[in-house]
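Subject: Structure handover: aromatic rings

Hello,

Here is the structure for you to look through. Please open it first, then read the notes below it.

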Amino acid sequence: MSGEQIQSLKPEVKTFRLRRRNKDLCSGLFWRPDPRAERALFPGKPDTDNWPKNGASVRGVVHMVKGKKWLQCYGLKQWSLFHQAKWRETKPGSWLPFDYGNYYLEET
């Protein structure tokens with residue numbers, strides 16, 4: 001795989017907030033699997049239960065994959081009826097695109 005296909009923008013972990021452009025009926029954005037072509041080299045399956053809801057904060061490392069910006073997520077903080085908003089670790093393989101339909105990630 002060439003360095004042009006996968007390029008880490010900054011190796012440090014950054015924090016972002018999940019935002020939406022307009023009010024629709026969706027309540028958040030599901031995790032996406034690792035967008036890199038050689039997924040077998042990067043194991044992990046996204047968490048299907050603890051996905052980011054509107055306004056959630058996510059922590060991770062920014063990557064450019066095939067010309068698109070992605071966040072490889074390591075932490076999630078969001079309000080829930082069952083627990084206080086605090087940072088929780090995400091499962092390996094939990095990724096978010098920076099711009100997807102009504103949703104985008106904004107650095108905090």
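Arg-32 lies over the face of Tyr-100, 4.4 Å from the ring centre. Such a charge sits over a ring if NZ of Lys or CZ of Arg is within 6 Å of the ring centre and within 35 degrees of the ring normal. Lys-69 also has its charged end over a ring, that of Phe-98, at 4.6 Å from the centre.

This is a predicted model, in which local features need pLDDT of at least 70 and side-chain atom pairs count only at pLDDT 80 or more, while totals for chains, interfaces and linings use all residues. Residues are numbered from 1 along each chain as its sequence is written, and side-chain values use heavy atoms, with hydrogens and water left out.

How many aromatic pairs does a search of the whole structure find? It finds two. Rings of Phe, Tyr and Trp (its six-membered ring) pair if their centres lie within 6.5 Å; planes under 30 degrees apart are stacked, over 60 edge-to-face, the rest tilted.

Phe-16 and Phe-98 are edge-to-face, with centres 5.0 Å apart and 90° between the planes. Phe-16 is in strand β1 (residues 6–20) and Phe-98 in the loop between β5 (95–97) and β6 (99–100), so the pair ties together parts 82 residues apart in sequence. Strands are DSSP runs (E, at least two residues), numbered from the N terminus. Both Phe-16 and Phe-98 are buried (under 20% relative accessible area; exposed is over 50%, partly exposed in between; 1.4 Å probe, protein chains only).

The pair of Phe-30 and Trp-51 is tilted, because the ring centres are 4.7 Å apart and the planes at 50°. Phe-30 is partly exposed at 49% relative accessible area, whereas Trp-51 is buried at 16%.

Regards

Conventions. Helix = DSSP H or I, 4+ residues; strand = E, 2+ residues; numbered from the N terminus.
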